[in-house]
Amino acid sequence: MDDDPLDLGEAAAFILGERPALAEDTVWTVLNELQDPPVRNADGMAVDLITRLYPHVRPRDVRVVLDEWREYARLAVEDDWD
């Protein structure tokens, strides 16, 4: 595993591919605001931050983005994933 940051464009494409019903704006809002997927026990703070700054974003959608973003991050570090 290298220490390169996750590519937000690739993360967005992955998330939208897995969850096409999500609004692209919502995905990008979460990714741009947080820059890195939070650890699972920080989801509550992340959801609170996003929904306070962006009231149009639903808490459930933030949680879905976070789950898929962590999955992308997990897969991105696997040697044979590319």
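**Close-up 1. A salt bridge pairs D43 with R70.** D43 and R70 form a salt bridge, and their closest N and O atoms are 2.9 Å apart. Since D43 sits in helix α3 and R70 in helix α4, the pair ties together parts that are 27 residues apart in sequence. A quick word on what you are looking at: this is a predicted model. Both partners here, D43 and R70, are buried. For D43 the relative accessibility is 13%, and for R70 the figure is 15%. Both residues count as buried because that class covers anything under 20% relative accessible area.

Close-up 2. Which residues is D43 in contact with, leaving aside its neighbours within four places in sequence? They are P38, L66, D67 and R70. Of these, R70 is the salt-bridge partner of D43. D67, for its part, belongs to helix α4, which spans residues 59–76.

**Close-up 3. R40 and D67 meet in a salt bridge.** Here the side chains of R40 and D67 come together, with an N to O distance of 3.1 Å. This pair links distant parts of the chain, as R40 belongs to the loop between α2 (24–34) and α3 (43–53), while D67 is in helix α4, 27 residues apart. Are these two partners buried or exposed? R40 is exposed, at a relative accessible area of 53%, whereas D67 is partly exposed, at 35%.

**Close-up 4. R70 and D67 pair within helix α4.** A salt bridge also joins the side chains of R70 and D67, again described by an N to O distance, here 3.1 Å. The two residues are three residues apart in helix α4, so about one helical turn separates them.

Close-up 5. R70 in turn forms a salt bridge with D43. For the model as a whole, the count comes to seven salt bridges.

**Close-up 6. Helix α2 packs against helix α3.** The angle between α2 and α3 is about 115°, and their axes are 11 Å apart. That angle makes α2 roughly perpendicular to α3. The crossing of α2 past α3 is right-handed. On the α2 side, the residues in the contact are T29, V30, E33 and L34, and they meet A46, L49, I50 and L53 of α3. Sorted by class, the contact holds six nonpolar residues, one polar and one charged.

**Close-up 7. T29 in helix α2.** This view picks out T29, a residue of helix α2. T29 counts as buried, with 10% relative accessibility. What does T29 touch, not counting residues up to four places away in sequence? The answer is I50, Y54 and V57.

**Close-up 8. Q35 has a positive phi.** Look now at Q35, in the loop between α2 and α3. The backbone has a point to check here: although Q35 is not a glycine, its phi is positive, at about 70°. Q35 is partly exposed, with a relative accessible area of 40%.

**Close-up 9. Helix α1 packs against helix α4.** Helix α1, residues 8–18, packs with α4 at an angle of about 120°, and the two axes are 9 Å apart. That angle makes α1 oblique to α4. The crossing of α1 past α4 is right-handed. From α1, the residues L8, E10, A11, F14, I15 and E18 meet V65, E68, W69, E71, Y72 and L75 of α4. How many nonpolar, polar and charged residues does the contact of α1 with α4 have? By class there are eight nonpolar, no polar and four charged residues.

Technical notes:
Residues numbered from 1 in each chain as written. Predicted model: local features only at pLDDT ≥ 70, side-chain atom pairs only at ≥ 80, totals over all residues. Heavy atoms only, no water. Salt bridge = Lys/Arg side-chain N within 4 Å of Asp/Glu carboxyl O. Helix = DSSP H or I, 4+ residues; strand = E, 2+ residues; numbered from the N terminus. Buried < 20%, exposed > 50% of the residue type's maximum accessible area, 1.4 Å probe, protein only. Axes fitted to C-alpha atoms, helices over the stretch in contact; angles between N-to-C directions. Parallel < 35°, antiparallel > 145°, perpendicular 65-115°, else oblique. Left-handed = near helix turned anticlockwise from the far one by under 90°. Contact = heavy atoms within 4.5 Å. Nonpolar A, V, L, I, M, F, W, Y, C, P; charged D, E, K, R; others polar.
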